[in-house]
Amino acid sequence: MRTAIVNLGTIVTGDWREPFANGDSIFMVDGKIVDVGMASANVMDCEVVIDADGATAIPGFIDSQIHNTFGDWTPRQKTVGFLESYTHGGTTTAISASEVHVPGRPKDPQGVKALAVAAKKCFDTLRPGGMRVHAGSIILEPGLTESDFAEVAQQGVWLAKAGFGAFKTPFDYVPMIAWAKQHGMVTTVHTGGSSIPGSSGIWAEHLIAMQPHVSFHVNGGPVAMPDEDFPKIVHESQIALQVCTAGNLRTTLMLWEIVKQAQQFDRFLIATDTPTGSGIMPLGMMYTITHLASLGGMPVEWAIAAATGNNATVYGLNSGFLKPGRDADVVLLDACVGGSKKTALDALRNGDIAAVAAVITDGVPRFVGRSRNTPAPNRRIRVAQCRLPMDFSGQAH
């Protein structure tokens, strides 16, 4: 399928070092971005052409911490369809924080292995609202051996999560994190106070001993670690530092200042850590971007990169950037009708939610014109050409 977006006002690349692309169009073929720049003769051959009417294109958000179970359902909030709803907030990729919320989840080695493999394989062929879900994160529990990690890795499991196991001390995770890394897994660790009964708090000293790839909700999930731990984790490790909407806003802004001074922005990631006790948050990624841009002084294009390209780099994904060869996951944003700002980026800098005007994943429009989770855009974003028997208008309010 060939899809083009034309008449763009701004293209945000997802790369904080080169955050803007020249041009007014994006050309996609068979799920990949082929060209970012000026509209060409290729547009005439496209099955679908979207007229952006001056709106802003960004990479689809990558929520690097969601609490999926099986299917598009969350027992924690008793809600069906939350992932599809997140696509209407601009999220095109979600990464499992482990399937810890599966009712009656197993805690023995055979059970956690089976749970991870089953979740991974289920979501390989399930695309809620067009979203790609990377599921199947093995929960580290006592009794797992190095051979267990080899076994699940052969089944395609590439995520491992520490922080919910029945260990006496977080230091007991150290050898398991090493085994998971040895078998090519991205390792993640709960950070801060305990979030469920039976788990323990995890602080900077534990993280530095474990050396995972990612410190989950380093700003608190929902309770943050002590303030004095933040400089330690920045200066004494290279662990990626993920902040979440469902965490502590004060420590989010504090971490940004520390990371900025240390020139370590590549390590700064945005996620939501939902659905949890904090609820369902389809616009969570955008809210954290507005908090950082309007309250913390972070350049808004950097905040977008923390929610897209930075996540993609740490997790080794092909999405997250609007560049040739990358997955064709694109979101069109605009200022909302009735707001005080005229462009999406100015609205985000002002602390306002931007209107999600279109979501494209794998080069396929999932809806065009209006999200059901945001106010309407100022501009008339529309399908200007369609040679397919499909309606991409989506479900609005």
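**Setting values against cut-offs**

Trainee: Why does Val43 count as buried?

Mentor: Val43 has a relative accessibility of 14%, and because buried means under 20% relative accessible area, Val43 counts as buried. Bear in mind that this is a predicted model, and that Val43 sits in the loop between strand 4 (32-37) and strand 5 (48-51). Once neighbours within four places in sequence are left aside, the residues in contact with Val43 are Ala4, Val6, Val49 and Gln385.

Trainee: How do you know that Ser25 is buried?

Mentor: The relative accessible area of Ser25 is 5%, and since the cut-off for buried is under 20%, Ser25 is therefore buried. Ser25 belongs to strand 3 (residues 25-29) and, not counting residues up to four places away in sequence, touches Ile5, Val6, Leu8, Ile11, Asp35, Val36, Gly37, Met38 and Ala39.

Trainee: Why is Thr188 called buried?

Mentor: Its relative accessible area is 3%, and because anything under 20% is classed as buried, Thr188 is buried. This residue lies in strand 14 (residues 186-190), and the residues that Thr188 touches, beyond those up to four places away in sequence, are Ala160, Lys161, Ala162, Val214, Phe216 and Tyr315.

Trainee: What makes Asp30 exposed?

Mentor: Exposed means over 50% relative accessible area, and Asp30 has 60%, so Asp30 is exposed. Asp30 is in the loop between strand 3 and strand 4, and has a positive phi of about 50° although it is not a glycine.

Trainee: Why does Lys78 count as exposed?

Mentor: Lys78 has 74% relative accessibility, and because the class of exposed residues begins over 50%, Lys78 counts as exposed. Lys78 is placed in the loop between strand 8 (73-74) and strand 9 (79-80), and although not a glycine, Lys78 has a positive phi of about 55°.

Trainee: What makes helix 8 mostly covered?

Mentor: In helix 8 (residues 284-294), eight of the 11 residues are buried. Among them are Met285, Ile289 and Leu292. For the protein as a whole, buried residues make up 59% of the 397 residues.

Trainee: How do you know that the protein agrees with a compact globule?

Mentor: For 397 residues, a compact globule would have a radius of gyration near 21 Å, and the protein has 20 Å, which agrees. The C-alpha trace spans about 60 × 40 × 35 Å along its principal axes.

Trainee: Which residues touch the most other members of the largest nonpolar core?

Mentor: In that core of 70 residues, they are Ile138, Leu140 and Phe268.

Trainee: What is the peptide bond from Gly221 to Pro222?

Mentor: That bond is cis, with omega near 0°, and Pro222 lies in the loop between strand 15 (214-216) and helix 6 (229-235). A cis peptide bond also joins Thr274 and Pro275, where omega is about -10°, and Pro275 is in the loop between strand 17 (268-271) and helix 8.

How values were computed: Residues are numbered from 1 along each chain as its sequence is written. This is a predicted model: local features need pLDDT of at least 70, side-chain atom pairs count only at pLDDT 80 or more; totals for chains, interfaces and linings use all residues. Side-chain values use heavy atoms; hydrogens and water are left out. The radius of gyration is taken over C-alpha atoms; the globule rule is 2.2 Å times the number of residues to the power 0.38. Buried means under 20% relative accessible area, exposed over 50%, partly exposed in between (1.4 Å probe, protein chains only). Helices (H or I, at least four residues) and strands (E, at least two) are DSSP runs, numbered from the N terminus. A nonpolar core is a set of buried Ala, Val, Leu, Ile, Met, Phe, Trp, Tyr and Cys residues joined through side-chain atoms within 4.5 Å. Contact means heavy atoms within 4.5 Å.
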